Every structure is written in structure tokens, then in C-alpha cells.
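Colleague: I am new to reading models like this one. Please take me through it one question at a time.

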Amino acid sequence: MNKPVIGVLAVQGAFIEHRQILAKLGVETFEIRQKADLLNNPLDGLILPGGESTVQGKLLRELDLFDLLLEKIQKGLPVFGTCAGLILLASHLSNDGNTYFGTLPVTVQRNAYGRQLGSFFTEQPFRGEVVPMTFIRAPLIESAGEGVEVLAQDPETKQIYAVRYKNQLGVSFHPELNDDTRIHQYFVDMM
């Protein structure tokens, strides 16, 4: 089987770190900065990185990438949204009137853990394996809709950190900021 090629949205945010983790896994990546990048490269998966969701949403529309990416996600392209990327995928934002792609049936609260100073690191189970999780101005998955599989949840507070729905993987933390490759490997295996 051929190795997948993953496009990493590179208009703003922590896209380089995703490419570095995927390189460790031997996965070919390219940066999506303009429509031509999508049209001229093979694409087996998409990463929507952390950063500022409002800025990313605005740039996706200005660069004429939004509708094309939405269509690909709706047609089953595997997509992995981390932090701001999760916000872009969420079908409902509890503290923001905007929705972006709206393809992942979850309700998300933006900046639920506070501002930059409220950032923290923890280790929690992801599909039964304890993995490092770095939260920076992170969103909270308040609820998961029908058909959504919860992949990571705090055993005590029951706060949801990671979900999967069909071709979509969403996490409220930054797995690309640690050396652990297991969550990215899980995404690659989804393809």
C-alpha cells in the first residue's frame, strides 16, 4: 500500500510541528497556503492545526479554500483538527455565534481553559493508552452528538479531550507539541 500524503493547513498556527511529527512517521506532507496547493497535490488526509480559529476561518474564505475543503471533508476525506482545528470542525460553538465547517457533531466552548497563562500539560488516557497532552488556550468539548466516539476523557471530571466521528478526528489539545507520535499514527491509520 502506498503511504498517504497529508495536507497541513498552513495559513496560521502550529502547522510546522504537525509536519515534523508526521515526518517521524515517514508520512509525506505538504503545506496548504492557497487553492493551487490543494489542486496540484495528491491528498489522502488533512490536518487543521491549532492557532486562532477566527483568523483561520477568515483566511480560508479569503483564499478561496473554504468551500473546496468543506466539500472534501463532506465526501469523506480524513481530517484531524487540533485545538483551533477542532473549533473549525465543530457543529456548534457554545460561546461564539460563528460556525465554520460544522461537520463534527460536537458542542465546543472556545478558550474554556483560560488564556495563555492558563495553559497546562497533563497525561491522560487516549483510547486506553496514557499520552501527553498540552493545552494552550484550549477549547472544551462540552458534548458529543450521536455517532461520535469519545477517545479521551478525564476519568474524574469527565471532560472530553478527543473525539472521532466517521472520517473526522478532533482533539482539544496539541499532540504536535510533544515527541509522542501515537495520536498522529492513529490519524494515519484512519486512512
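**Inside the model**

Colleague: How much space lies in the largest cavity?

Modeller: Picture a 1 Å grid over the protein atoms alone: a cavity is a set of points where a 1.4 Å probe fits but cannot get out. Points are joined across faces, edges and corners, and the volume is the space filled by probe spheres set on them. By that rule there is 1 cavity of 30 Å³ or more. The space in the largest cavity is about 40 Å³.

Colleague: What kind of model is this?

Modeller: Residues are numbered from 1 along each chain as its sequence is written, and side-chain values use heavy atoms, with hydrogens and water left out. Local features need pLDDT of at least 70, side-chain atom pairs count only at pLDDT 80 or more, and totals for chains, interfaces and linings use all residues; the model is predicted.

Colleague: How do the residues lining the largest cavity divide by type?

Modeller: A lining residue has an atom within 4 Å of a cavity point, and here these residues are Val131, Pro132, Pro175, Asn178, Asp180 and Ile183. Ala, Val, Leu, Ile, Met, Phe, Trp, Tyr, Cys and Pro count as nonpolar, Asp, Glu, Lys and Arg as charged, and the others, Gly among them, as polar. The lining divides into 4 nonpolar, 1 polar and 1 charged.

Colleague: Which residues of helix α4 are buried?

Modeller: Helices (H or I, at least four residues) and strands (E, at least two) are DSSP runs, numbered from the N terminus. Buried means under 20% relative accessible area, exposed over 50% and partly exposed in between, with a 1.4 Å probe and protein chains only. Helix α4 covers residues 66–74, and its buried residues are Phe66, Leu68, Leu69, Leu70 and Ile73.

Colleague: What do the buried residues of α4 pack against?

Modeller: Packing rests on contact, meaning heavy atoms within 4.5 Å. The partners include strands as well as helices: they are α2 (35–39), β3 (45–48), α3 (53–62), β4 (79–82), α5 (84–89) and β12 (168–171).

Colleague: Which residue has its charged end over the ring of Phe66?

Modeller: A charge sits over a ring if NZ of Lys or CZ of Arg is within 6 Å of the ring centre and within 35 degrees of the ring normal. At Phe66, the charged end lies 3.7 Å from the ring centre. The residue it belongs to is Arg61.

Colleague: How many aromatic pairs does the structure hold?

Modeller: Rings of Phe, Tyr and Trp (its six-membered ring) pair if their centres lie within 6.5 Å; planes under 30 degrees apart count as stacked, over 60 as edge-to-face and the rest as tilted. The number of aromatic pairs found is 6.

Colleague: Is the pair of Phe80 and Phe187 stacked, tilted or edge-to-face?

Modeller: The ring centres of Phe80 and Phe187 are 5.4 Å apart and the planes meet at 40°, so this pair is tilted. Phe80 is in strand β4 and Phe187 in helix α6 (residues 182–190), so the pair ties together parts 107 residues apart in sequence. Phe80 is buried at 0% relative accessibility, and Phe187 is buried at 0% too. The type of the Phe80 and Phe187 pair, again, is tilted.

Colleague: And what type is the pair of Phe135 and Tyr161?

Modeller: The ring centres of Phe135 and Tyr161 are 5.0 Å apart with planes at 65°, so the pair is edge-to-face. It links Phe135 in strand β8 (residues 129–135) with Tyr161 in strand β11 (residues 160–165), 26 residues apart. Both Phe135 and Tyr161 are buried, and their pair is edge-to-face.

Colleague: Is Lys166 buried or exposed?

Modeller: Most residues other than glycine have a negative phi. Lys166, in the loop between β11 and β12, has a positive phi of about 50°. Its relative accessibility is 60%, so Lys166 counts as exposed.

Colleague: And is Cys83 buried or exposed?

Modeller: Cys83 also has a positive phi, near 55°, and lies in the loop between β4 and α5. Its relative accessibility is 3%, so Cys83 counts as buried.

Conventions: On a 1 Å grid over the protein atoms alone, a cavity is a set of points where a 1.4 Å probe fits but cannot get out, and a pocket is an open set with protein on both sides within 12 Å along at least five of seven lines; lining residues have an atom within 4 Å of a point.
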